[in-house]
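Student: Pick one part of this model and take me through it closely, please. I'd like to see how it sits against everything else.

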Amino acid sequence: MRIAITGPESTGKTTLATALSLELGLPLSNEYARLFLEINDGTYTEPDLVFMAKEQYLLNDKLDTGCGIIADTEMMVFVVWSQVKYGRCSEKIIELFKGQRFDHYLLCYPDLPWENDMLRESPLFEDRIALFNEYRSQFEKARLPYHVVKGNGLKRLANALTAISHH
């Protein structure tokens, strides 16, 4: 089973992905962009975004040895990120988005408190809601199976497991 965790910044994606990986015994594909941004002091260009997307795509595929994966992020993040940051999205990112295959997407709702770190760009709740709505719109447009995950801590994990079990 291939499950992607996605959504705006500071919505518990990494925490949820890690918990699901442990709970379901599936490999965890970490967020490549975080590593890239840490190495580069949080700075990046539009071509860097394409590079990060390619690396994430390859990492997600590499870690799935047939049993599935939990992906801390996926190509929808790069589509939305690129559109918000640059007002457009490269054909390569769109191609990667169309080429990725997940059984289910878990879209994290921004109902968790903002956690600041040097890599995050959208601290306002209104911005995170606008981003969440953009993700939802993109999923509807692409007709991809997704479930909105809400709640804190174990409740968020339980909601995610329920969504997965109904798929």
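Tutor: Two strands pair if DSSP finds at least two bridges between them. The strands (E, at least two residues) and helices (H or I, at least four) are themselves DSSP runs, numbered from the N terminus. Bear in mind that this is a predicted model, where local features need pLDDT of at least 70, side-chain atom pairs count only at pLDDT 80 or more, and totals for chains, interfaces and linings use all residues. Residues are numbered from 1 along each chain as its sequence is written, and side-chain values use heavy atoms, leaving out hydrogens and water.

Let's zoom in on helix H1, residues 13–24. Its twelve residues reach 16 Å from first C-alpha to last, close to the 16 Å expected at 1.5 Å a residue (that expectation is 1.5 Å times one less than the number of residues).

Which residues of H1 are buried? They're Lys13, Leu16, Ala17, Leu20 and Ser21, where buried means under 20% relative accessible area, exposed over 50%, and partly exposed in between, with a 1.4 Å probe and protein chains only. Looking down the axis of H1, these buried residues fall within an arc of 135°, so they line one face of the helix; the arc is taken from the directions between the helix axis and the C-beta atoms. On the face turned away from that buried side you'll find the exposed residues Thr15, Leu22 and Glu23.

So what covers the buried residues? The cover includes strands E1 (2–6), E2 (28–29), E3 (69–71), E4 (104–108) and E5 (146–149), plus helix H7 (154–165).

Those five strands form an open sheet with parallel pairing, in the order E2-E3-E1-E4-E5. E2 and E5 are the edge strands, each pairing on one side only. As a general point, strands of a sheet pair through backbone hydrogen bonds, either parallel or antiparallel. Take E4 and E5, which run parallel and are joined by four bridges; Leu107 stands opposite Val148 in E5.

Stepping back, the chain has seven helices and five strands, and along the sequence they follow β-α-β-α-α-β-α-α-β-α-β-α. Buried residues make up 46% of the 167 in the chain. Among contacts (heavy atoms within 4.5 Å) between residues at least 6 apart in sequence, 74% join residues at least 24 apart.
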